[in-house]
Amino acid sequence: MKRTYFLVILILFSAFAGCSAKTYTPVLQTQFDLNAVYKTGDFSYDARIVRNEEGVFITPLSSYAAGMTISCDGKTVTFTQGDFVKSFDKSSLDSTNPAILLYEVFSYLEALEKVNSYVKDEDFVIKGKTSIGTFTLIQSKNNKMKSLSIPDANIEIEFKY
């Protein structure tokens, strides 16, 4: 009888131990050049998103803004299309500007020493904050970003490889 109780307790402990949240320190790409689908509300467009030592750059590839690049270096947001170049202080623009949001997300993640996440459907779910609210980054086990969601800005980004 004592063996039966011991066995039941061991099985229950094993079952609950497997349900614990996993901690993962992702290998975040500090520089990348990816294609993505950028969605806000009912509107979406294909885009190229680049991050390098100069900042974050987003260039729509479809929609009426195709070819215009919006960049953010943390202080300044610059709009570039052909010979047209116009820069603004970051604080003078709407915080839902895609370059500002992406800069904030990746700066937040890069500043952390350890990122807590949990596993869902074999992917890692990483949560953080921007100036307008929380974000969720889904990253595959091979460290490729799959999607970024910023619900308070009604923005979803699906990365394409």
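Leaving aside neighbours within four places in sequence, Ser-147 is in contact with Thr-136, Leu-137, Ile-138, Ile-157, Glu-158 and Phe-159, where contact means heavy atoms within 4.5 Å. Before we go on, a quick word on what you're looking at: this is a predicted model, in which local features need pLDDT of at least 70 and side-chain atom pairs count only at pLDDT 80 or more, while totals for chains, interfaces and linings use all residues. Residues are numbered from 1 along each chain as its sequence is written, and side-chain values use heavy atoms, with hydrogens and water left out.

Back to Ser-147. You'll find Ser-147 in strand S10; helices (H or I, at least four residues) and strands (E, at least two) are DSSP runs, numbered from the N terminus. At 18% relative accessibility, Ser-147 counts as buried. Here buried means under 20% relative accessible area, exposed means over 50%, and partly exposed is in between (1.4 Å probe, protein chains only).

Now look at Leu-148. Not counting residues up to four places away in sequence, Leu-148 touches Leu-102, Val-105, Phe-135, Thr-136, Leu-137, Ile-155, Glu-156, Ile-157 and Phe-159. Leu-148 also shows up in the largest nonpolar core: of its 31 residues, Ile-58, Leu-148, Ile-157 and Phe-159 touch the most other members. A nonpolar core is a set of buried Ala, Val, Leu, Ile, Met, Phe, Trp, Tyr and Cys residues joined through side-chain atoms within 4.5 Å. The largest share of this core, seven residues, comes from H2.

Next, the rings. How many aromatic pairs does the structure hold? There are six. Rings of Phe, Tyr and Trp (its six-membered ring) pair if their centres lie within 6.5 Å; planes under 30 degrees apart count as stacked, over 60 as edge-to-face and the rest as tilted.

Another pair, Phe-43 and Tyr-64, is tilted: 6.4 Å centre to centre, 35° between the planes. Phe-43 lies in strand S2 (residues 43-52) and Tyr-64 in the loop between strand S3 (55-60) and strand S4 (69-72), so the pair ties together parts that are 21 residues apart in sequence. Phe-43 is partly exposed, with a relative accessible area of 36%, whereas Tyr-64 is exposed at 77%. Ring pairs link Phe-43 and Tyr-64 with Tyr-38 and Tyr-45 into a cluster.

Sitting in that loop between S3 and S4 is Ser-63. Its phi is near 95°, a positive value in a residue other than glycine. Ser-63 is partly exposed, with a relative accessible area of 29%.

Tyr-64 and Tyr-45 turn up again in the largest pocket. Fifteen is the lining count here: of the 15 residues, Tyr-45, Tyr-64, Ala-65, Ile-70 and Pro-98 lie nearest the pocket's centre. On a 1 Å grid over the protein atoms alone, a pocket is an open set of points with protein on both sides within 12 Å along at least five of seven lines, a cavity is a set of points where a 1.4 Å probe fits but cannot get out, and lining residues have an atom within 4 Å of a point. The largest pocket holds about 260 Å³ of space; grid points are joined across faces, edges and corners, and a volume is the space filled by probe spheres set on the points. S1 and S2 each supply at least two residues of this lining.

About 40 Å³ of space lies in the largest cavity, and its lining is Val-27, Leu-28, Gln-29, Phe-32, Phe-106, Gln-139, Asn-143 and Met-145. Asn-143 has a positive phi of about 70° although it is not a glycine, and lies in the loop between strand S9 (133-140) and strand S10 (145-150). At 19% relative accessibility, Asn-143 counts as buried.

The second largest cavity has about 30 Å³ of space. Leu-28, Gln-29, Arg-51, Phe-106, Leu-109 and Glu-110 line it, and H2 gives the most to this lining, with three residues.
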